[in-house]
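Student: I have not seen this structure before. Could we go through it by question and answer?

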Amino acid sequence: MSKLLMNLRDVPDDEADDVRAMLDAQGIAFYETRPSIWGISAGGIWITEDAAFADARRAMDDYQQQRAARARAEYAAAKRAGTAATFITLLRADPARVVLSVLGILFALALVTLPYFLLRG
């Protein structure tokens, strides 16, 4: 029976490509399901044989550790160079999105606290 190795929701294309290449290099049989039209399922990478799932999981864990270390190193280098994204750089790059996000957060907070103010009487 097939087992899900990786859910593809919010996974960057380069990461999914790396996982496919890793599985091909190790000779692990897999197939991929695509996301649904309505966004109900995100798709995934499935291992076809139960016996190979443990090897695939081990390889996936190693890959994720390497990717995390690489991402941390890239962020640290960007931070040292002063090119890492900060709130101010995001505000300068896309002020409308930042302002709308802050307004959305405040609106949600107001909705959550509204029952308290209405019922405390």
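This is a predicted model: local features need pLDDT of at least 70, side-chain atom pairs count only at pLDDT 80 or more; totals for chains, interfaces and linings use all residues.

Student: How are helices α1 and α2 oriented to each other: roughly parallel, roughly antiparallel, roughly perpendicular or oblique?
Tutor: Helix α1 covers residues 13–26 and helix α2 covers residues 50–81, and their axes are 11 Å apart. The angle at which α1 and α2 pack is about 140°. Roughly antiparallel would need an angle over 145 degrees, and roughly perpendicular covers 65 to 115. The two helices α1 and α2 are therefore oblique.

Student: Which residues make the contact, and how many of them are charged?
Tutor: On the α1 side the contact is made by Asp 14, Glu 15, Asp 18, Val 19, Met 22, Leu 23 and Gln 26. On the α2 side it is made by Asp 55, Ala 56, Ala 59, Met 60, Tyr 63, Arg 67 and Arg 70. Sorted by class, the contact of α1 with α2 has seven nonpolar residues and one polar residue, and the number of charged residues is six.

Student: Is Glu 15 buried or exposed?
Tutor: Glu 15 belongs to helix α1. Its relative accessibility is 14%. The cut-off for buried is under 20%, so Glu 15 counts as buried.

Student: Which residues does Glu 15 contact, leaving aside neighbours within four places in sequence?
Tutor: Two of the residues at the contact of α1 with α2 are Tyr 63 and Arg 67, on the α2 side. With neighbours within four places left aside, the contacts of Glu 15 are Met 6, Tyr 63 and Arg 67.

Student: What does Arg 67 touch, not counting residues up to four places away in sequence?
Tutor: Arg 67 is part of helix α2. With a relative accessible area of 18%, Arg 67 is buried. Residues up to four places away are not counted here, and those that Arg 67 touches are Pro 12, Asp 14, Glu 15 and Asp 18.

Student: Are the rings of Tyr 31 and Trp 46 stacked or edge-to-face?
Tutor: Tyr 31 is in strand β2 (residues 30–33) and Trp 46 is in strand β3 (residues 44–47), 15 residues apart. Tyr 31 is partly exposed at a relative accessible area of 35%, and Trp 46 is partly exposed at 25%. The ring centres of Tyr 31 and Trp 46 are 6.3 Å apart, with the planes at 10°. Planes under 30 degrees apart count as stacked, so the pair of Tyr 31 and Trp 46 is stacked.

Student: Are the rings of Tyr 116 and Phe 117 stacked or edge-to-face?
Tutor: Tyr 116 is exposed, having a relative accessible area of 54%. The rings of Tyr 116 and Phe 117 have centres 5.2 Å apart and planes at 70°. Edge-to-face applies over 60 degrees, so the pair of Tyr 116 and Phe 117 is edge-to-face.

Student: What is phi of Asp 10 near?
Tutor: Asp 10 is in the loop between β1 (3–7) and α1. Asp 10 is exposed, with a relative accessible area of 76%. Phi of Asp 10 has a positive value in a residue other than glycine, and it is near 60°.

Student: How far apart in space are the C-alpha atoms of Glu 74 and Ala 84?
Tutor: Glu 74 lies in helix α2 and counts as exposed at 51% relative accessibility. Along the sequence, Glu 74 and Ala 84 are ten residues apart. Their C-alpha to C-alpha distance in space is 9.4 Å.

Methods: Residues are numbered from 1 along each chain as its sequence is written. Side-chain values use heavy atoms; hydrogens and water are left out. Axes are lines fitted to C-alpha atoms, for helices over the stretch in contact, and angles run from 0 to 180 degrees between N-to-C directions. Helices (H or I, at least four residues) and strands (E, at least two) are DSSP runs, numbered from the N terminus. Angles under 35 degrees count as roughly parallel, over 145 as roughly antiparallel, 65 to 115 as roughly perpendicular and the rest as oblique. Contact means heavy atoms within 4.5 Å. Ala, Val, Leu, Ile, Met, Phe, Trp, Tyr, Cys and Pro count as nonpolar, Asp, Glu, Lys and Arg as charged, and the others, Gly among them, as polar. Rings of Phe, Tyr and Trp (its six-membered ring) pair if their centres lie within 6.5 Å; planes under 30 degrees apart count as stacked, over 60 as edge-to-face and the rest as tilted. Buried means under 20% relative accessible area, exposed over 50%, partly exposed in between (1.4 Å probe, protein chains only).
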